[in-house]
Amino acid sequence: MGKLDPALWRDIMTYLRRRHAPICRQWFEDLDLVAMDSGLLQVRTSSSVQRNYLQNKCLDPFTEAAQAVTGNLVAVRFVNEQDAKPSDNGEAVAAAAAKTAPAANSEANLARPADPPAEPEPTGRRTSAARPRHGDLFADQVVLSPDYSFDNFISGPNNQLAYAAAVAVANQPGTAYNPLFIHGGVGLGKTHLLQAICQKIMEDRPDTQILYVSCDAFMNQFIECVQSGQMHEFRHRYRHVDVLVIDDIHFLANRERSQEEFFHTFNDLYQSNRQIVLSSDAAPSEIPHLEERLLSRFQWGLVANVTKPHYETRVAILRAKVKLRGIEMPDDVVGYIANKIDSNARELEGAITTIQAHAALQDQIIDLNLARTALGDSSGEPRTNQLTLQQIIDAVTDHYNVRLSDLQSRRRHKSVTEPRQVCMYLARKRTRFSLEEIGGYFGGRDHTTVMHSIRTVQDRLESDASFSRQLDQMDNAIQRSADDARSG
Ligand SMILES: Nc1ncnc2c1ncn2[C@@H]1O[C@H](COP(=O)(O)OP(=O)(O)OP(=O)(O)O)[C@@H](O)[C@H]1O
């Protein structure tokens, strides 16, 4: 084994902070360089969650840093105590699965007595801990983020019930609230709470078998298993766990066969007191075309809503995120961001990333001036690349030859629904209006309808080249009119 130069790790960390600041976290300080042998650099982490996260999300920057600092073609591998001392008693092995954008987050902690101990591959993108049991069938797994713990969650009036219920479920899975159903708009912490539940249970009860998947993964696996005659494997996977966590369950809307299968999965788990945790962008009663029997089951336990954070909570979230990243941000900058962005925590985080990137590029400390410039309003004016809703409406109504009053009406004919959906999609993409605001403008529709419209357009863009060209034309027309407005 090669002798370890103590400066090596320090230099790697310095390189990462300079070149890859957004990925750096305070908990990186707990990482340790344990071996450097035959071109393989081993970094010890303090948990399997950290190990899987780093191996899946941060391998490239760490490898780049290690190669830049050593000048050699080294590979990096993340390990933890369990890798050093493999267990043979069939204890739980963490397997990962979650919603990094754009897919949903989900992590599994599957007990697999017959499996070998988890050992990440040095250069692979997926840890063997995340290796599926049945070939590639269950491979669409994502990774738990060490950031998404209860300690890092800010509880406020907007999420108190959901937070308290999540903690109760994590402390007593299967007995506190079953199912726990958390719903709310985008970026409001639903996935964070789901992952925090998983991590707490993994810490306190390592033998618990947890399966955490996105609803998309559930449905895709179901379809594949039906087609390949592997329903036995599918049912074994979903019905032999202690805790089943499914993110974005609203995707079950309109999916009759998936709903049917989920109904039986639910019953099986529920009847044997196993915990079910679900998240959704809408309350059970607002999920379109959800079978009555599922609707009532979703309401058996606790339904908790998360809403937009108030100013004080936004400030606290910003402070927590800044601390997690190990950066300095003066109070006036925190206050400025909290004032400017009132939509959701994801956007608050995005603002921190933008400001951090500006500071790194200009090699400056973060202050109010830099924050204002970074967020695009040094003059106090709205951002220049921001479009107005009217510009979008003009382009879309021109293209489809419809009137705004049609789009705002209750009419559901395709000649009206398509331009309405396109308007909602473009409004969400090109303006800062919230889902609620957009829905309100287009005939008092709720945010779930807007979400549904956006998804419909996105799906079509992927499968219909002619539609995609038309959307490009409208987008170009909108941009031209915005350019004209600016120059005129
Ligand atoms: N109360 C909170 N405290 C700390 N961080 C939060 C809080 N709410 C949200 N966040 C952070 O905001 C980001 C987005 O949260 P998350 O992914 O959980 O949202 P979501 O409700 O699942 O949204 P979506 O429906 O779009 O998936 C995450 O980084 C999360 O840590």
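**Note on the predicted model: strands, cores and ligand shell**

1. Strand 6 is joined to strand 10 (residues 302-306) by five bridges, and the two run parallel. Strands here are DSSP runs of E of at least two residues, helices are runs of H or I of at least four residues, and both are numbered from the N terminus. Two strands count as paired if DSSP finds at least two bridges between them. Phe181 has Val303 as its bridge partner in strand 10.

2. The model is predicted: local features need pLDDT of at least 70, side-chain atom pairs count only at pLDDT 80 or more, and totals for chains, interfaces and linings use all residues. Residue numbers start from 1 along each chain as its sequence is written.

3. Strand 6 (residues 180-184) also pairs with strand 9 (residues 275-280), in the parallel sense and over four bridges. The partner of His183 in strand 9 is Ser280. Five of the five residues of strand 6 are buried, so the strand is largely enclosed by the rest of the structure. A residue is called buried if 20 or more other C-beta atoms lie within 10 Å of its own, exposed if 12 or fewer do, and partly exposed in between, with C-beta atoms placed from the backbone. In a regular strand, side chains alternate between the two faces of the sheet. In strand 6 both faces are covered, with Leu180, Ile182 and Gly184 buried on one side and Phe181 and His183 on the other.

4. UniProt, in an unreviewed entry, places the feature "domain: AAA+ ATPase" at residues 176-307. UniProt positions follow the numbering used here, feature names are shortened, and annotations may be inferred rather than shown by experiment. The span is 46% helix and 20% strand, and its end C-alpha atoms lie 23 Å apart.

5. The largest nonpolar core has 90 residues, of which Ala166, Leu193, Ile197, Cys198, Ile210, Leu244 and Val245 touch the most other members. Such a core is a set of buried Ala, Val, Leu, Ile, Met, Phe, Trp, Tyr and Cys residues joined through C-beta atoms within 7 Å. Helix 6 (residues 190-204) gives the most to this core, seven residues. A second, separate core of 20 residues includes Leu387, Cys423, Tyr425 and Ala427.

6. Around the ligand there are 20 residues, and Val186, Gly189, Lys190, Thr191 and Ala345 come nearest. A residue is near a molecule if its C-beta atom, placed from the backbone, lies within 6 Å of it. Helix 6, helix 11 (311-325) and helix 13 (345-362) each supply at least two residues of this shell.

7. A separate open sheet holds three strands in the order 1-2-3, with mixed pairing. Strand 1 (32-37) and strand 3 (75-79) are at the edges with a single partner strand each, so one side of each has no neighbour in the sheet. Strand 1 pairs with strand 2 (residues 40-44) in the antiparallel sense over five bridges, and Asp37 has Leu40 as its bridge partner in strand 2.

8. Helix 2 (residues 48-57) is mostly covered, with nine of its ten residues buried. Arg51 lies in this helix and is buried, with 29 other C-beta atoms within 10 Å. The C-alpha atoms of Arg51 and Ala35 are separated by 15 Å, the two residues being 16 apart along the chain.

9. The unreviewed UniProt entry also places "domain: Chromosomal replication initiator DnaA C-terminal" at residues 388-457. That stretch is 73% helix and 0% strand, with its end C-alpha atoms 20 Å apart.
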